[in-house]
Structure formats: structure tokens, C-alpha cells
Amino acid sequence: MKKLVVANLKMNLGLEAVQKYITTIKGQITNQLLVIICPSFPFLSLFKSAEYQLGSQNTFYKKDGNYTGEVSPSQLKSLGVKYIIVGHSERRLIFHETNKIINQKVAAVLKENLYPILCVGENKEQKLLHKTPVVIKEQLNEALKKIDQEMLNDVIIAYEPIWAIGTGLTPTPGEINSMGEFIKRVMSFEYNANNTRVLYGGSINQNNIKSIFSLENIDGVLIGGAAVNPDLFIETLNKIS
Ligand code: PEP
């Protein structure tokens, strides 16, 4: 199975910059990787291309109705979106998304036969108190409550320590690999999901992508800051091969 690269462009780039982004990366992405681009909602259709897959940074959990400002998994699917990031720490912290909401979103995404990319990760204090496995296990258990057994292998888990996002700091490769192994073990023993893909996200850059990407228990990376500039993004991807 191909390793994944998820580019989370967050709330960056306007129309002109998006057009430039698309022309810059065209033809530059190796088909040995499964690259998923997650732009802001208004630009999703512009990004449709055979070279990469389309992802969304967020969704609501209802299918349709009077929910001003929200976008549903079925609407995203109609635009060609296949992957949806759920539970990003910025959604949890800034928009107060609870584990219950995240659980509803995971269920709604799977119901449309799309792939949720479920983000989990500890904060700095929890890390210092050596609580990382407990925190991650609880986030998984809450987010996966009552999810149909046969759909669990479609859930992609992104291990994103909050203290590593946008800070230039990362856990050691050994720590990242252990967390990948831990998450796979939880998914296998508790949920009988034996094919879970685990990504790492948090301050991926040109210097660290190769060593993290090659870890045994890591199936890909989620990139924020280093994906926003298209030239830098391609340079970063080129470091993998
Ligand atoms: C993210 O926000 O998911 C992320 C990984 O960001 P960055 O790469 O900038 O740390």
C-alpha cells in the first residue's frame, strides 16, 4: 500500500495563490505516494486532479438542513472529496469540538464511505507527565464509540502531538514509531482493526521528513506549514525519495 502525504493548507491562500499552487505542483508529484490535498472549502473544486486526492479540513456531522455555515460529508463527496480531517487540535481547542462531536463526525464521514483522518495527540503538560498513551487511548475510545466494526479499517489515525504543531519541535523518531505501534495495537486489540494506517503530523519539514516517513509503524505524514508554499512542499516531498 502507498504511503500517504496529507497537506493541510489550513485557512491560507486566496484565489490567485491557489491557481499558482496548482500550476506549480502539476506534474511534480510522484505516483509512488498517495498525496491528499486539503485546501479551504471554497477552493476544493479547483484542486480536483488525477494526480492527487482531495481532502477536506473539516465537516459537519449532519447530512443537510438548517445549519448555516456548515458543510456535510455528502456535499464534500459530491465535489470529489475522499478524505476528511476530523478532530484536528485547532478544531478541538479554538472551536471547542468535544470528543462527542468528533465521534459524530467520524460516524458521518464513514456513512458516506469516505475516509476520516482522525487526529489525536497530547499537549505539552500531558507529555511531561508521561500521560501520552493514556490520552491517546482515551481520544481513540471516545472518537470510535459505536462505530460499525466493518468500517473501522477505513479510519486513518493521525498522531499529532499538540506541542509539535507549528512549533518546529518534534518527538524523536523512536517516540513517533512507538506511538504508531501503540495506536495500531489499540486498534487491533480493542477494535479488531488490523489494517489501521497511522500518520504522524507536527512540524514536518525538509530535514526530518525522510527519517519519519521511513518509520516501520508510520504509514505517512500530515504536513501543515511546509505544505502551504507549493515550491517548498514539492522540495519537501522530494526529500522522501
Ligand atoms: C497540522 O496542523 O496538522 C500540522 C501538522 O501543522 P505543522 O506541519 O505546521 O506543524
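**Helix packing and a buried glutamate**

Helices (H or I, at least four residues) and strands (E, at least two) are DSSP runs, numbered from the N terminus. The model is predicted, so that local features need pLDDT of at least 70 and side-chain atom pairs count only at pLDDT 80 or more, while totals for chains, interfaces and linings use all residues. Residues are numbered from 1 along each chain as its sequence is written, and side-chain values use heavy atoms, with hydrogens and water left out.

Within H1, the residues Val18, Tyr21, Ile22 and Ile25 are buried, where buried means under 20% relative accessible area, exposed over 50% and partly exposed in between (1.4 Å probe, protein chains only). Viewed down the axis of H1, these buried residues fall within an arc of 95° and therefore line one face of the helix; the arc is that of the directions from the helix axis to the C-beta atoms. Glu16 and Thr23 are exposed on the face of H1 turned away from the buried side. The cover over the buried residues of H1 includes S2, H9 and H10, with contact defined as heavy atoms within 4.5 Å.

In helix H10 (residues 230-238), the buried residues are Pro230, Phe233, Ile234, Thr236 and Leu237. At the start of H10, a side-chain oxygen of Asn229 lies within 2.9 Å of the backbone nitrogen of Asp231.

For helix H4 (residues 99-111), 13 residues at 1.5 Å a residue should span 18 Å, in agreement with the 18 Å between its end C-alpha atoms; the expected span is 1.5 Å times one less than the number of residues. Ile102, Asn103, Lys105, Val106, Ala108, Val109 and Leu110 are the buried residues of H4. Among the elements covering them are helix H2 (73-78), strand S4 (81-86) and helix H6 (132-143). Asn113, which follows H4, has a positive phi near 60°.

Glu160 is located in the loop between strand S6 (156-159) and helix H7 (173-191). Glu160 is buried yet has no salt bridge, and Lys10, the nearest side chain of opposite charge, is 6.9 Å away. A salt bridge is a side-chain nitrogen of Lys or Arg within 4 Å of a carboxyl oxygen of Asp or Glu; Lys and Arg count as positive and Asp and Glu as negative, whereas His and the chain ends are not counted. The side chain of Glu160 makes a polar contact with that of His88 (3.5 Å). A polar contact is a pair of N or O atoms within 3.5 Å; within protein, one must be able to donate a hydrogen and the other to accept it, and residues adjacent in sequence count only if both atoms are side-chain atoms.
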